[in-house]
Amino acid sequence: MRNEMEICFDAVSDNESFARVAVAAFIAHLNPTMEEMADIKTAVSEAVTNSIIHGYENLYGYGKIARKTVPALQNQEHPEKVRIHCILDEKTLHIEISDSGRGIADVDQAMEPLFTTKPDLDRSGMGFAFMEAFMDTLEVESTPGEGTTVRMMKKIGADTAAQ
């Protein structure tokens, strides 16, 4: 059976947890293991955070503290969006997370563990490494000035099928 969902939300860090839970709820009926669920939620979290922090350069403040302490951000509209498109084909989850932000000039460099363009925000540079480790496949497409699309795939129940 094939099932599909798409969500679009403001590019603010508070929505990162919403994205994690939305994808988790979408696959819940498959009864994934706790490890599978944690892997998927972490990968989604990393991709969404990358869109907000790097794609849109954190235009609206990272977290609640920034919006509370910076008057210009308190009533800010959020025109920038992050999109998540998921397809569940039997027990294979395909996730596409995209933004129309600044894009990545050198995707290979950006995917290197510990590489970050935002050390001032205590970014570890491990986002793509985590996505790659926790999902079965990872593909990143980006065009400077146009945005980035992250595609990931994970088979649910793959470990238990082999036992």
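Colleague: Which elements are included in what covers the buried residues of α1?

Modeller: This is a predicted model, in which local features need pLDDT of at least 70, side-chain atom pairs count only at pLDDT 80 or more, and totals for chains, interfaces and linings use all residues. Residues are numbered from 1 along each chain as its sequence is written, and side-chain values use heavy atoms, with hydrogens and water left out. In α1, the residues E16, A19, A22, V23, A24, F26 and I27 are buried (under 20% relative accessible area, with a 1.4 Å probe and protein chains only). Their cover includes β1 (2-10), α2, β2 (81-89) and β3 (92-99).

Colleague: What is the reach of helix α1 from its first C-alpha to its last?

Modeller: Helices are DSSP runs of H or I with at least four residues, and strands are runs of E with at least two, numbered from the N terminus. Helix α1 spans residues 16-27, which is 12 residues.

Colleague: With which residues is N50 in contact, leaving aside its neighbours within four places in sequence?

Modeller: N50 lies in helix α2 (residues 34-55). With a relative accessible area of 18%, N50 counts as buried. Contact means heavy atoms within 4.5 Å; apart from those neighbours, N50 touches G55, F128 and M131.

Colleague: What percentage of the residues of the chain count as buried?

Modeller: The chain holds 7 helices and 5 strands. Of its 163 residues, the buried share is 47%.

How values were computed: Buried means under 20% relative accessible area, exposed over 50%, partly exposed in between (1.4 Å probe, protein chains only). The expected span of a helix is 1.5 Å times one less than its number of residues.
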